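Please keep the sequence and the structure in view while reading.

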Amino acid sequence: LAGRWTPPCCLRALRETARHVVGILETAGVRYWLEGGSLLGAARLGDIIPWDYDVDLGIYREDVGKCRWLAEATTAPVEDDEGFFWEKAAEGEFYRVHYSRTNRLH
């Protein structure tokens, strides 16, 4: 891993997490967009920035209830059917979807 920012296995997990979340949001009819470093990476590289450790998606507050996992995570963390771990962040109006209970990439 010498000379690497984020290990390749973690970038693969981030991509998998992003695809999973986007698929669920689209199925539920939740409107979303890329934000922050994720938008920059998509525009510049067509991918996640190599040193990033999360994917930034924005959604409308009124769409939270459309997604079962976001709605459930509002009151307590929840693990979905594929092992991804959804939780509402302690600070602000943020949600995190982790690759798993133990791998906290989100």
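How many aromatic pairs does the count come to by this rule? In this predicted model, the count comes to two aromatic pairs.

## The pair Trp33 and Tyr60

Trp33 and Tyr60 form an edge-to-face pair, with 5.0 Å centre to centre and 65° between the planes. Trp33 belongs to strand β1 (residues 32–34), whereas Tyr60 sits in the loop between β2 (57–59) and α3 (68–73), so the pair ties together parts that are 27 residues apart in sequence. Trp33 is partly exposed, its relative accessible area being 31%, and Tyr60 is likewise partly exposed, at 37%.

## The pair Phe84 and Tyr99

Phe84 and Tyr99 also form an edge-to-face pair, here with 5.8 Å centre to centre and 90° between the planes. Because Phe84 lies in the loop between β3 (78–79) and β4 (85–88) and Tyr99 in the segment after β5 (95–98), this pair ties together parts that are 15 residues apart in sequence. Phe84 is buried, with a relative accessible area of 3%, while Tyr99 is partly exposed, with a value of 27%.

## Charges over rings

Arg68 lies over the face of Trp69, at 4.0 Å from the ring centre, and Lys88 lies over the face of Tyr95, at 5.8 Å from the ring centre.

## The annotated domain

An unreviewed UniProt entry places the feature "domain: LicD/FKTN/FKRP nucleotidyltransferase" at residues 28–64. Over residues 28–64 the chain is 30% helix and 16% strand, and the end C-alpha atoms are 10 Å apart.

How values were computed. Residues numbered from 1 in each chain as written. Predicted model: local features only at pLDDT ≥ 70, side-chain atom pairs only at ≥ 80, totals over all residues. Heavy atoms only, no water. UniProt positions renumbered as here; feature names shortened; annotations may be inferred. Helix = DSSP H or I, 4+ residues; strand = E, 2+ residues; numbered from the N terminus. Phe/Tyr/Trp six-rings, centres within 6.5 Å; stacked < 30°, edge-to-face > 60°. Buried < 20%, exposed > 50% of the residue type's maximum accessible area, 1.4 Å probe, protein only. Lys NZ or Arg CZ within 6 Å of the ring centre and 35° of its normal.
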